[in-house]
Amino acid sequence: MAGNSFGQLFRITTFGESHGVAIGVIIDGCPPNVDLDLEFIQSELDKRKPGQSKITTQRKESDSAQILSGVFEGRSTGTPIALLIPNEDQKSKDYDHNKDIFRPSHADYTYQSKYGIRDHRGGGRSSARETAARVAAGAVAKLFLKQKGVEIFAHVSSVGTIDAPNIDTSALGELLEVRESNIARCADPATANEMIDFIDSVRKAGDTVGGKVSCVIRNCPVGLGEPVFDKLHADLGKAMLSINAVHGFEYGSGFAGSEMRGTQHNDVFVPASEGKGVSTLSNFSGGIQGGISNGMDITFKVAFKPVATIMHNQDTVDKTGNAAEIKGKGRHDPCVVPRAVAIVEAMAALTIADHYLRQNSYL
């Protein structure tokens with residue numbers, strides 16, 4: 001099974017299954033002398049972990065990360081960093097009824113068809129449980145980027161048809177406090193309350209709902225991105241679309257830009273002034289032009305579909321191709337986006353860290 005690694009110079013490989021002994025990640029290429037604050041890494045994992053509120057799955061996992069290698073006296077050594085996250089609350093029997101049938105809109109049928117074998121316990125490798133390993137690796141990437149002054153902030157900007165207003169991202173520290181003060185992880189308090197009530201009503205109905213996560217990357221240097229096939233926005237798109245349940249990615253003006261004219265959409269340059277480099281009056285480009293960062297804020301949105309597991313009986317087929325019925329059962333998120341915020345930030349950090357090292361390899 002290929003496709004378990006991401007990045008070229010700052011490269012990660014994740015391993016493990018939803019109901020296995022543990023999940024984990026190997027980080028190869030992290031530069032030496034990065035202060036690896038385990039408390040910070042754990043705080044990032046806590047934002048993604050299950051069982052944290054009434055609007056998330058009630059699976060109880062502490063997601064306590066263990067650093068096995070690559071760190072000495074709190075700093076990276078430049079050698080591979082191994083992080084392990086034990087699984088603690090597997091209830092594999094909850095999936096016995098799925099053993100011989102395929103869940104609608106899950107990876108059951110495609111995995112069985114591709115490999116001739118599948119782990120039916122929570123989806124095995126296809127489970128979103130794998131993303132905890134990405135968050136751990138992303139926290140390391142964040143600590144590296146922090147030394148370079150790069151900041152990354154994401155929040156839930158919509159749930160279903162509930163949209164948060166555009167927020168001022170000039171003070172990311174304050175926004176982070178607002179976001180973490182509510183279980184919806186929306187940076188607008190009034191919208192957050194509306195989202196929470198709606199997600200809870202969807203949960204009580206045994207249903208699920210999708211949403212969007214908006215992200216901004218600040219203080220990214222000019223020059224990141226490797227045209228033509230490794231454009232920065234292309235790699236960010238791949239990073240986000242690799243996350244479970246993601247069905248859409250747009251940066252800058254996104255799809256709305258297709259409705260504009262060039263006279264409206266062009267980002268007019270402003271000459272450099274004291275203490276500030278060349279900038280633009282608008283940022284429809286989303287901080288990326290020609291696949292290369294231009295120094296402006298990098299902005300993008302990620303769309304998540306409704307979680308496929310619903311608490312309703314559904315028609316399906318079994319592995320012999322005969323008609324069957326699947327029963328709604330188990331512990332699942334009614335809406336994945338509050339927990340996905342940490343995953344989006346992690347994948348953004350991994351992408352930027354990799355391109356930062358690639359750009360500096362020219363020097």
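Which residue is the bridge partner of I217 in strand 16? The bridge partner of I217 is I298.

## Basis of the model

The model is predicted, and local features need pLDDT of at least 70, side-chain atom pairs count only at pLDDT 80 or more, and totals for chains, interfaces and linings use all residues. Residues are numbered from 1 along each chain as its sequence is written, and side-chain values use heavy atoms, with hydrogens and water left out.

Helices (H or I, at least four residues) and strands (E, at least two) are DSSP runs, numbered from the N terminus. Two strands pair if DSSP finds at least two bridges between them.

An open sheet is formed by 5 strands in the order 9-8-10-16-11, with antiparallel pairing. Strand 9 (162-163) and strand 11 (246-251) are its edge strands, each pairing on one side only. Helix 4 (residues 172-180) packs on the sheet and touches strand 8 (151-159) and strand 10; contact means heavy atoms within 4.5 Å. The direction of helix 4 makes about 45° with that of strand 8, where axes are lines fitted to C-alpha atoms, for helices over the stretch in contact, and angles run from 0 to 180 degrees between N-to-C directions.

Within this sheet, strand 10 and strand 16 (residues 298-304) pair in the antiparallel sense over 7 bridges.

## R218 in strand 10

R218 lies in strand 10 (residues 211-218). R218 is buried, with a relative accessible area of 13%; buried means under 20% relative accessible area, exposed over 50%, and partly exposed in between (1.4 Å probe, protein chains only).

The side chain of R218 makes a polar contact with that of D297, at 2.9 Å. A polar contact is a pair of N or O atoms within 3.5 Å; within protein, one must be able to donate a hydrogen and the other to accept it, and residues adjacent in sequence count only if both atoms are side-chain atoms. Apart from neighbours within four places in sequence, the residues in contact with R218 include G149, E151, T169, L172 and D297.

## Hairpins

Strand 1 (residues 5-6) and strand 2 pair in the antiparallel sense over 2 bridges, and S5 stands opposite T13. Their hairpin has 4 residues between the strands, and G7 takes a positive phi near 95°.

Strand 2 also pairs with strand 3 (residues 22-28), antiparallel over 6 bridges.
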